[in-house]
Amino acid sequence: MIKSVFRSAICNTLSFSLRSLNPNPHSRPLILLPRYAACFAAKPSSISSMASGEGVPHAPPSPTVHTLEKQFEDFRHQLDDSGSLRERIRSVASEIESVTRLMQSSLLLIHQSRPIPEILEKVKGQIVVLKELYSKLAEIIHEFPGQYYRFHGDWRSETQTVVSLLAFIHWLETESLLLHSDAEEKLGLNPSEFGLDIEEYLIGICFMSNDLPRYVVNQVTAGDYDCPRKVMKFLTDLHAAFRMLNLRNDFLRKKFDGMKYDLRKVEEVYYDVKIRGLAKNENTHVEGDEQ
């Protein structure tokens with residue numbers, strides 16, 4: 001009797017607490033005692049079985065899936081080929097850069113009033129190495145026809161430096177400009193297959209003009225007072241030739257604007273030498289030319 005009363009009190013208490021939490025007060029909650037709860041063990045619902053994919057037939061793949069897979073498989077092969085090709089090109093470009101550094105270090109002796117023929121003989125020996133490297137570069141590009149300008153940027157800056165050095169060497173020997181065709185010949189390039197880009201040639205010439213003001217100052221210091229006149233005439237003619245071009249490349253345009261400052265520096269050195277009476281009298285040359 002006491003157990004039944006105690007059991008009914010517990011049931012009423014649980015019923016009241018669940019009724020207070022039930023949003024629908026008119027519905028009677030189901031109270032399960034512990035010994036009856038085992039009879040209502042949870043069964044796997046159909047929703048969970050559908051979520052897990054059990055018992056649901058797989059849909060056949062769409063026809064476009066095979067097309068997409070084939071396309072991206074081709075992309076993967078193309079990207080792998082491009083990556084390996086770029087690594088080969090950069091390896092050769094790195095060798096070209098190493099050679100140009102050696103040439104630059106040797107040409108620095110020009111500014112120390114060393115004998116020019118002796119210096120140029122050592123520097124010109126590296127031109128043969130450059131020719132071999134550009135031949136190797138051309139062979140790599142020939143394996144992938146029509147890809148010249150796609151990978152052109154991987155050796156662009158090195159080529160600009162090469163042209164600058166070749167043009168400076170040529171000017172030291174002849175006091176004239178290295179022509180585009182002569183630069184291609186020195187590097188063993190074939191214009192129809194693997195040539196020298198015109199913009200890279202022009203940028204290299206602009207780089208070469210940056211070295212002339214320093215060369216002029218050092219030559220005057222060494223006692224060559226006619227050097228400013230020669231360099232000024234060369235830069236004046238070169239600047240006038242560049243003005244014939246309609247330059248739309250921002251970088252090339254910027255380098256061409258820098259040539260004006262190179263010319264101005266050389267002019268200042270020339271005027272200073274002339275005012276001091278150290279320059280040769282040019283009237284004699286003019287009269288000789290007129291006769």
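Which residue just after α7 takes a positive phi? It is Gly188, with a phi of about 70°. Welcome to this predicted model, where local features need pLDDT of at least 70, side-chain atom pairs count only at pLDDT 80 or more, and totals for chains, interfaces and linings use all residues. Residues are numbered from 1 along each chain as its sequence is written, and side-chain values use heavy atoms, leaving out hydrogens and water.

**Helix α7**

- Ala183, Glu184 and Leu187 are the buried residues of α7, where buried means under 20% relative accessible area, exposed over 50% and partly exposed in between (1.4 Å probe, protein chains only).
- These residues cover an arc of only 100° around the axis, so they sit on the same side of α7; the arc is that of the directions from the helix axis to the C-beta atoms.
- The cover over the buried residues of α7 includes α5 and α6, with contact meaning heavy atoms within 4.5 Å.

**Helix α9**

- Helix α9 (residues 227-242) has 16 residues, which should span 22 Å at 1.5 Å a residue, and its end C-alpha atoms are 22 Å apart, in agreement; the expected span is 1.5 Å times one less than the number of residues.
- Buried residues of α9 include Cys227, Val231, Phe234, Leu238 and Phe242.
- Seen down the axis of α9, its buried residues fall within an arc of 165°, so they line one face of the helix.
- Among the elements covering the buried residues of α9 are α6, α8 (198-221) and α10 (250-275).

**The largest nonpolar core**

- A nonpolar core is a set of buried Ala, Val, Leu, Ile, Met, Phe, Trp, Tyr and Cys residues joined through side-chain atoms within 4.5 Å.
- The largest one has 65 residues, of which Leu107, Trp155, Phe194 and Phe242 touch the most other members.
- α5 gives the most to this core, with 11 residues.
- Leaving aside neighbours within four places in sequence, Phe242 is in contact with Leu202, Ile205, Cys206, Leu247, Phe256 and Met259.

**Asp154 in its loop**

- Asp154 lies in the loop between α5 (116-142) and α6 (156-174).
- Asp154 is buried, with a relative accessible area of 16%.
- The side chains of Asp154 and Arg86 are joined by a polar contact of 3.0 Å; a polar contact is a pair of N or O atoms within 3.5 Å, and within protein one must be able to donate a hydrogen and the other to accept it, while residues adjacent in sequence count only if both atoms are side-chain atoms.

Notes
Helices (H or I, at least four residues) and strands (E, at least two) are DSSP runs, numbered from the N terminus.
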